[in-house]
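Here are my notebook entries from a first walk through this model. Come along and look things up with me.

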Amino acid sequence: MVPPGCSRYIAKLSKPLGIVLEETKDGRLLVGEVQAGGNAERHNETATADKLIRKGDQIVAVSGFTRAGASQVYGEIEVRGGEKMVRVVVGSQPQDKRWDIVVSAISSHLAGMLVELEFQRCE
């Protein structure tokens, strides 16, 4: 549920994301900075006003990739088994593990894959 006075939006970014994350004492993960020239700033150049990534926006969910199953090799080509995108809800994770879980989820994206981040902004 989105709290009253808040809105949510999704941004899909390439790595490096171009944002600096900060963790609050109560375990929330916030945008501490949008880096000049980074992918988040490039996103902002084409985004609608309600989907601009801003300092203070809270990350409420992030995409991650799970890889399970055996790989198979066909000649010189390796095909991985069981690759699946998952949505990690930040608030459902233990408070003392949120940072590590979000960083791991972001890191699980291979080069060229877009990281899907859901942000919440409360006015």
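**Entry 1: a pair of strands.** I began with β1 and β8, which pair in the antiparallel sense over eight bridges. A reminder to myself: this is a predicted model. In this pairing I found Y9 standing opposite F119 of β8.

**Entry 2: the other pairing of β8.** Next I looked at β4, which also pairs with β8 in the antiparallel sense, over four bridges. Here I59 stands opposite F119. I then asked myself how many of the eight residues of β8 are buried. The count is six, so β8 is largely enclosed by the rest of the structure.

**Entry 3: what F119 touches.** Leaving out residues up to four places away in sequence, I listed the contacts of F119. Among them are S7, R8, Y9 and A11, and the list also includes I19, V31 and I53. D57, Q58, I59 and V60 are on it as well.

**Entry 4: the core.** Which residues have the most contacts inside the largest nonpolar core? I noted I19, I53, V62, L117 and F119, in a core of 20 residues. The elements giving two or more residues to this core are β1 (6-13), β2 (19-23), β3, β4 (58-67), α2 (98-107) and β8 (115-122).

**Entry 5: two loops.** I looked up S108 in the loop between α2 and β8. Is S108 buried or exposed? Its relative accessibility is 13%, and because buried means under 20%, S108 counts as buried. Beyond its neighbours up to four places away in sequence, S108 touches G64, F65 and R67.

Then I turned to A36, in the loop between β3 (29-34) and α1 (39-46). A36 has a relative accessible area of 71%, and since exposed means over 50%, A36 is exposed. I also checked A36 against L17: they are 19 residues apart in sequence and 11 Å apart in space, C-alpha to C-alpha.

**Entry 6: a patch on the surface.** My last stop was a nonpolar patch formed by Y74, I77 and V79, which together have about 310 Å² of accessible area. V79 is found in strand β6, residues 77-79. With a relative accessible area of 40%, V79 is partly exposed.

Definitions and conventions
Residues are numbered from 1 along each chain as its sequence is written. This is a predicted model: local features need pLDDT of at least 70, side-chain atom pairs count only at pLDDT 80 or more; totals for chains, interfaces and linings use all residues. Side-chain values use heavy atoms; hydrogens and water are left out. Patches are made of residues with over 30% relative accessible area and no salt bridge: like charges are joined within 9 Å, nonpolar side chains (Val, Leu, Ile, Met, Phe, Trp, Tyr) within 5 Å. Accessible areas come from the Shrake-Rupley method with a 1.4 Å probe; for residues, only the protein chains shown count as cover. A salt bridge is a side-chain nitrogen of Lys or Arg within 4 Å of a carboxyl oxygen of Asp or Glu. Buried means under 20% relative accessible area, exposed over 50%, partly exposed in between (1.4 Å probe, protein chains only). A nonpolar core is a set of buried Ala, Val, Leu, Ile, Met, Phe, Trp, Tyr and Cys residues joined through side-chain atoms within 4.5 Å. Contact means heavy atoms within 4.5 Å. Two strands pair if DSSP finds at least two bridges between them.
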